[in-house]
Amino acid sequence: MALFNTEAIVLRSINLSETDKLVTFMTDKFGKVKCVAKAARKLKNRFGAALEPMSHIRLIYFGKENQSLYRLNHSDIIRSFQPVRDDFRKLYIGIYFNELVETLVAEAHPERKVFRLLVETLETLETLDKSETLIRLSEMQFLCLSGYTPQLSYCALCKGPPGTGWVGFSFEHKGIVCEPCSFRAQPEVRFKVGILSYLKKLKTLDIKHAGRLKFPQGAEGEIEKVTHRLILSHTGREFKSYPFIKNMAQIAKDPASWKNKS
Ligand SMILES: [Zn+2]
């Protein structure tokens, strides 16, 4: 038996039995791990709120090395991200970031950069009012850290420069496609070549500076098509939290759409 001591973010917490919970963590040192939290559903349990999704905690768990399920021993809250929980819109965006990590990261692979990015993403979400650029930044950066970096510098087919007019993005070829190659590749998205510089910025900009980035008017949709649909092309399914985030963004833009829904 080994004892593991690390920082972690709670990704998901589900009821396992009348008394126990099954909790998935993104840890700093050991990657994504699952633990059984004995008696966590009892009213006076020793874990308290430290097993709520998004909590940044100090975690101690034990078990044999390389097993798939561990036993939770101790958890202390470092940061609860309460302002994110208190704001319905931010809460769902936070859940989306958790879902991204849970889906893109394999279990038991130490991924310190993913852990740090998740912490910084939640910290930024807590203070930032406009979250559109933060969502795109984190999608792109989680993709790159998970080994799914899209090709944005040259055509994924002919390796030539992207040209000066329009450029396509092919999910099959995981990158941009120049105008002449578009007849062959049939890219799902097309946009003006100027948008490429914003997509490239998403790869490198420090997530803490998300508030500084502004997309050109009308380009948000194209940028979302590339980053979000690229994720879907890897995961094969939509995330539970995402339709809600889209609805909330639509209502913020056009409050009348809320009336039409009800
Ligand atoms: Zn080409």
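Guide: Welcome! A residue counts as buried under 20% relative accessible area, exposed over 50%, and partly exposed in between, using a 1.4 Å probe and protein chains only. This is a predicted model, where local features need pLDDT of at least 70, side-chain atom pairs count only at pLDDT 80 or more, and totals for chains, interfaces and linings use all residues. Residues are numbered from 1 along each chain as its sequence is written, and side-chain values use heavy atoms, leaving out hydrogens and water.

Visitor: Why is Cys155 called buried?

Guide: Its relative accessible area is 0%, so Cys155 falls under the 20% limit. Cys178, at 6%, counts as buried too.

Visitor: What makes Cys155, Cys158, Cys178 and Cys181 donors of the zinc ion?

Guide: Donors are N, O and S atoms within 2.8 Å of the metal (3.2 Å for Na, K and Ca), and water is not among the atoms, so sites may look incomplete. The SG atoms of these four cysteines lie 2.3 Å from the zinc ion, so they qualify.

Visitor: How are the donor residues spaced in sequence?

Guide: The pattern is C-x2-C-x19-C-x2-C. Cys155 sits in the loop between helix 4 and strand 6, and Cys178 in the loop between strand 7 and helix 5, so the pair ties together parts 23 residues apart in sequence. Helices (H or I, at least four residues) and strands (E, at least two) are DSSP runs, numbered from the N terminus.
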